[in-house]
Amino acid sequence: MNGAAHLLCRLLAMPETARTLDARQWGEVMTVARAELLIGSLAFRLRGMVLPERVEAILAAAIRSAEEGRRQALWEAEMARRALAPLGCPVALLKGTAFVAAGLDAGQGRHIGDLDILVPRASLDAAEAALLGAGWEWVKPDPYDDAYYRRWMHELPPLIHRERDRMIDVHHTILPPTARTTPDAAKLLAAAEPLGNGLSILSPEDMVIHAAIHLFADGDLSGGLRNLWDIDRLVRECIARDADYPAGLAARAAEHQAERAVARALRAAHALFDTPALPGKAERLFDAAARRRLLARDGWGRGTRPATRLAFYVRSHWLRMPPAMLARHLWIKFMRDRRAGA
Amino acid sequence: MAETRYRAPARDGLRIAALDDLIAVYHRASGITHLVVAPVPELLEAMAGEWRSLESLAEAFGLAAGERGALIERLDELVAAGLVEAA
Amino acid sequence: MSDETGHSDAGATRRRALMLGAAGAAAVVSIRPALAQTAGSVMTCEIPVPDPSRAGGYIDANGNVVPAGTKNAFAPPLRPLKGEDVRRAMAGGGNLPGVDYERSRAYLKYVGRLQRGTTGFTCFASLQMLRK
Amino acid sequence: MRHVFSVRIGPVSFRVGSDWRGPVEQLRALYADHPAPVDGIADYTVRLSATRPWRRFVRPSVAIAGDYMLPDAAPLPLAHGLLAAEMAMNLQLALGERRFLLLHAATVERDGRAIVLTGESGAGKSTLAALLSARGWRLMGDEFALLDPETGLLHAFPRLVSLKNAAVGVVRRALPEARFGPLMAGTPKGDIRHLVPDAVALAAMDRPARPVRLVFPRYGFANDAQPVGAGEAFVRLTQASTNYVALGEQGFDALTRFVREVPAVALDYPDADSAIAAIEG
């Protein structure tokens with residue numbers, strides 16, 4: 001059943017695969033690409049190839065759509081820059097917005113949702129106040145969620161701009177302070193590379209480490225295929241610029257206590273996208289489960305393999321919280337849901 | 001503290017279309033369409049691609065002292081819409 | 001500006017060229033995505049009260065979500081409100097089907113306070129557009 | 001999925017998958033004269049699936065899903081599965097379309113000249129378009145007008161015409177030979193019955209037309225026709241378009257050109273006959 005998701009990976013890694021697809025496969029692969037928010041990336045990857053007329057039309061529209069998305073993402077970054085400029089604190093762009101702001105391959109056709117930025121923990125309150133003063137508002141009115149974010153999360157509760165309807169996530173580190181992996185936030189900002197307009201992006205090593213952590217030390221792998229594709233693009237571009245990149249990445253991962261997440265991400269990227277990676281020791285069970293989860297979507301765009309999905313969901317909570325806190329979290333959610341059901 | 005200065009996008013950063021009594025402005029950097037009336041087009045033109053102080057804008061349009069408030073209100077509105085940058 | 005005297009002619013002319021507009025009146029209106037209107041036409045929608053992240057909470061007379069059991073607040077409806085029912089009640093001032101006046105007002109106030117990003121907001125926004 | 005149906009409607013094609021046979025059989029019957037997607041490749045995928053596995057059988061309830069989805073979409077009972085399919089197809093276009101500027105409007109054409117009727121639900125767009133088709137106009141569509149930013153021409157999207165409540169009887173009397181779908185009573189939008197676009201509409205569906213008039217009809221008011229300025233028409237059309245903002249500068253160019261070239265009128269009407277007289281006059 002994983003044919004279409006796997007085929008999408010093959011097309012991304014080896015565009016020449018496109019010559020072998022029949023109409024049914026095209027339909028399925030484009031549906032999966034949309035569901036995984038990879039249609040823009042696919043469109044850029046296949047640009048210039050001779051494709052069936054309808055496929056070309058659909059991908060051309062996806063490219064236009066990605067270009068507009070890129071414009072909006074950069075504009076949100078600019079508006080955040082204007083709001084935060086008076087604070088004089090460093091502001092690093094994260095994830096998709098960073099990729100397009102820096103013109104990286106990983107930004108080509110990349111779907112970008114929220115704006116994610118990283119500021120020093122000491123500037124968090126001032127950043128919050130500046131954003132609230134510039135038209136951003138709270139999204140979540142729930143007091144429990146709010147307290148939860150403030151106490152335990154690595155970011156402010158999400159804010160949304162009241163005119164532009166776009167969300168911003170303000171991080172002060174890239175993992176919750178409670179998590180067992182503790183990347184060094186000060187080092188991230190210290191190594192960040194300025195873009196020349198007052199904003200910066202993480203260093204090439206930290207960008208991949210962040211993506212890997214997000215995949216394997218934080219998230220439940222939903223939307224993981226897109227994150228893994230980011231990693232492939234970043235690693236390839238960095239290696240093209242600097243052949244010693246893999247060694248630097250490994251060393252930096254150790255500094256952030258993120259060796260395991262990075263190794264897992266590189267192995268998964270290698271398995272699905274042929275990403276050049278240092279041969280690390282495989283964890284056969286985990287690697288296979290991660291692949292199953294990443295490809296858990298059928299040619300109709302439906303999520304499949306509910307048990308694998310659930311396992312990674314539970315794991316993501318387990319990783320983020322100490323056991324006692326996880327219990328407390330699940331208890332409060334449980335009580336709330338029970339009241340809801342009553 | 002230094003005096004606030006204002007800057008609008010350069011001329012090729014905006015598409016402007018007069019539609020009867022309204023003026024539609026497409027802002028290329030943001031992708032946002034704004035519908036504006038006077039004095040917005042005049043203000044955008046006066047600071048297209050260059051930093052201007054409140055003082056110099058007021059002077060350019062020959063505003064009396066009592067009209068500064070209204071000018072500031074318009075500029076604030078443009079800053080909030082992202083059409084004008086303040087520094 | 002009212003008819004003023006005492007300024008030079010040149011100044012008056014230039015001032016007319018820059019019509020500053022009335023205080024408080026907007027000179028800029030930005031176009032926002034108008035998904036909602038068509039969403040109202042291409043689908044039917046529903047609004048859970050309260051949204052799932054606050055499920056179980058009661059709704060007070062002002063539409064706020066308050067802890068379950070709060071005095072003078074209303075238990076939430078058992079099923080999500082139907083978009084069409086909300087629209088009719090908001091437009092006509094009537095009650096939601098099977099719900100008394102005060103409870104209807106409380107639920108509708110809750111709906112009216114929904115913010116983007118909250119479940120039910122897209123539905124509410126589509127009703128807003130249709131009401132005009 | 002278990003049951004599959006594909007169709008092309010003007011320049012847009014769909015692949016519909018369903019957990020149930022019923023909606024797909026209805027689609028097949030009503031879209032029998034529409035072509036299949038070019039080269040067998042659909043632009044959009046639609047899924048009609050059970051909200052929970054057991055809801056395929058117990059009080060079956062159809063969730064609207066596909067390539068593009070909206071939160072808060074209410075599921076429909078299986079008896080309204082055809083409506084769910086139509087809504088899901090419209091939703092794909094509303095959220096996903098980037099080739100055309102989408103206007104929420106009905107369009108009719110005669111001699112290559114198209115009249116665009118736009119307004120909110122209840123303005124009478126579908127009814128007027130169906131009645132005009134009975135009087136020799138070509139029905140281009142009752143839901144979306146597709147404006148090509150390159151050419152300024154409108155493309156047809158002749159899906160099933162969705163008629164509500166009293167309009168069902170009115171149109172049946174005007175088009176006694178026409179084919180209709182099943183009556184779906186008590187949907188969230190009232191009683192709904194679909195009209196199959198006639199042979200003229202289908203034969204010409206790949207022929208675009210030049211827009212010559214924009215009408216904002218409003219039903220239930222005394223006869224009145226007032227010209228609408230380009231600025232007001234622009235604002236109203238940005239609100240009647242689901243993808244104006246998403247198209248960026250291309251959308252701005254297309255829409256400013258449209259409102260400058262196409263005269264617009266706000267038409268209040270008390271009954272269909274007077275609206276038709278005003279439109280044809």
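## Report on the predicted complex

Chain A contains 15 helices and 7 strands, where helices (H or I, at least four residues) and strands (E, at least two) are DSSP runs numbered from the N terminus. This is a predicted model, in which local features need pLDDT of at least 70, side-chain atom pairs count only at pLDDT 80 or more, and totals for chains, interfaces and linings use all residues. Residues are numbered from 1 along each chain as its sequence is written, while chains are lettered from A and ligands numbered from 1 in the order in which they are written. For the complex, the predictor gives an ipTM of 0.84 and a pTM of 0.86.

Chain A has 342 residues, of which 44% count as buried; a residue is buried if 20 or more other C-beta atoms, placed from the backbone, lie within 10 Å of its own. Two residues are in contact if their C-beta atoms, placed from the backbone, lie within 7 Å. Among the chain A contacts with a separation of 6 or more, 64% link residues 24 or more positions apart.

A nonpolar core is a set of buried Ala, Val, Leu, Ile, Met, Phe, Trp, Tyr and Cys residues joined through C-beta atoms within 7 Å. The largest such core has 230 residues, and Leu8(A), Ile117(A), Ala212(A), Val262(A) and Ala265(A) have the most contacts inside it. Helix H4 (residues 53-84) of chain A supplies the largest share of this core, 12 residues. Domain 1 (3-96) and domain 2 (101-280) of chain D both give residues to this core, so it lies between them; the domain bounds come from an automatic or database domain assignment. Not counting residues up to four places away in sequence, Ile117(A) touches residues including Ala80(A), Val91(A), Ile168(A) and His171(A).

### Strand pairing in chain B

Two strands pair if DSSP finds at least two bridges between them.

| Strands | Bridges | Residues between strands | Positive phi |
|---|---|---|---|
| S2(B) (residues 14-19) and S3(B) (residues 22-27) | 6 bridges | 2 residues | Asp20(B), near 55° |
| S3(B) and S4(B) (residues 32-36) | 5 bridges | 4 residues | Gly31(B), about 75° |

Leu19(B) has Leu22(B) in S3(B) as its bridge partner, and Tyr26(B) is partnered by Thr33(B) in S4(B).

### Confidence in chain C

Chain C averages a pLDDT of 73, with 65% of the residues scoring at least 70; pLDDT is the predictor's confidence in each residue, from 0 to 100. Within chain C, confidence is lowest in helix H1 (residues 9-17), at a mean of 44, and highest in strand S3 (residues 58-59), at 93. Over residues 1-16 of chain C, pLDDT stays under 50, and the model has 7 contacts beyond four places in sequence for them.

How values were computed. A residue is buried if 20 or more other C-beta atoms lie within 10 Å of its own, exposed if 12 or fewer, and partly exposed in between; C-beta atoms are placed from the backbone.
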